[in-house]
Amino acid sequence: MKNVLFLILTFLAVQAVNAQSWALDPTFGTDGTFHTTVQGNPASAHSVVIQSDGKIVMVGETATYQGSVIRLNTDGTLDNSFGTNGTVLIPKIGQNDYLLDVAIQSDGKIVAAGYSHRIFGYDIILIRLNSDGTLDNTLGGSGRSALDIEDNVDIAESLVIQPDGKYLLGGYSDYEFVVVRLNPDGLPDDTFGGDVIGVAKTEFPLPNSSSIVDIALQSDGKIVAVGNTINSVNYNKFAAVRYNSDGTPDLTFGTDGSETYIIGNQHDFVTSVAIQSDGKILLGGHTYIATGPKYDIAVLRLNENGSVDNTFGTNGVAKARIVDEANYSKDIILQPDGKIIVAGHTVKNGVYEFGI
């Protein structure tokens, strides 16, 4: 689980790359770091985004499982023009609510996606705030929207806002890849998906469960979704699907629109995706190394058709080891010059540290 401190340090480290300086910025927060409770509640953050004015928005949940949003000024102080002293607690939709990803609309409104735990399962949720932190009641009548697809487990892990203002949510439903498209009012888009309005699903063959962890929108409107498949003996593989803009599988990608990839010994975990300017696709994650440390960071590059790009790394895979034990990827980002940054954490002798 990424916490507030991790996110802010990651932000600072990524920003520092272009300046070629890796020292923490002493003008930000307290000696370059920020942490806080949310209205007196311990809280965790899962995602961060930077507004066009440089302010920083984070979403997650409190220890009482209530969705929370924080906005910081560019100097790392809480923005008191937002919510209550820079923080917002979202009224619960179910018993426990989790916000896992966030995006900013062109009009400055804040949109966050995640899931809500109800008595008999989980529902995908979407919330929208005005720029001052109040709930935007033009979404779902209360600033909140919930979607029940399969009456069991429906989770949204990733959120993208299309240029036309529609929302793409990637995650899983009953442990199958699922992408949901919602209109700006929070209702499912009836021009997208298959048997269920607004929902595109992909089931991988044999005894696999699967889940999307990240999605990206190509310039042509096609949707790239990445995640993991796991079978009955706990073997994990990288997995990717590409959908056309209407939610149908893109048959020019992989095998009938989807593909799985073995990076190491089948204990491989995808955590993020990025699309290069030339259309090639980067999958960031980590892979288990049985003969040495527990995990290495790994980046897989695909050609536009879903095949492995063997001109990248070794047979399409670049690996990195920061410590001689466990190295975990959390997110991937591309610099303007095309260089690839992977951020996450390391574990050695029981000590957790940030890694980039």
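Two strands count as paired if DSSP finds at least two bridges between them. Helices (H or I, at least four residues) and strands (E, at least two) are DSSP runs numbered from the N terminus. The structure is a predicted model, in which local features need pLDDT of at least 70 and side-chain atom pairs count only at pLDDT 80 or more, while totals for chains, interfaces and linings use all residues. Residues are numbered from 1 along each chain as its sequence is written, and side-chain values use heavy atoms, with hydrogens and water left out.

**View 1. An open antiparallel sheet of four strands, in the order 5-6-7-8.** Strand 5 (96–104) and strand 8 (144–147) stand at the edges with a single partner strand each, so one side of each has no neighbour in the sheet. On average, neighbouring strands of this sheet are turned by 25° against each other, direction ignored; the axes are lines fitted to C-alpha atoms (for helices over the stretch in contact), with angles from 0 to 180 degrees between N-to-C directions.

**View 2. The pairing of strand 6 with strand 7.** Nine bridges link strand 6 (residues 110–118) to strand 7 (residues 121–129) in the antiparallel sense. Ser116 has Asp123 of strand 7 opposite.

View 3. Lys92 lies in the loop between strand 4 (87–89) and strand 5. Its relative accessible area is 36%, so Lys92 is partly exposed; buried means under 20%, exposed over 50%, and partly exposed in between (1.4 Å probe, protein chains only). Not counting residues up to four places away in sequence, Lys92 touches Thr64, Tyr65, Gln66, Asp97 and Arg144, where contact means heavy atoms within 4.5 Å. A polar atom of the Lys92 side chain lies 2.9 Å from the backbone oxygen of Gln95. Between the C-alpha atoms of Lys92 and Ser116, which are 24 residues apart along the chain, the separation is 8.2 Å.

View 4. Strand 21 (residues 326–334) runs antiparallel to strand 22 and is joined to it by eight bridges. Ala326 has Val347 of strand 22 as its bridge partner. Five residues lie between the strands of this hairpin, and Gly338 takes a positive phi near 90°.

**View 5. The hairpin of strand 22 and strand 23.** Strand 23 (residues 351–355) is antiparallel to strand 22, with five bridges joining them. Lys348 is bridged to Val351 of strand 23. The hairpin has two residues between its strands, and Asn349 in the turn has a positive phi of about 55°.

Key:
Polar contact = N/O pair within 3.5 Å; in protein donor to acceptor, adjacent residues only side chain to side chain.
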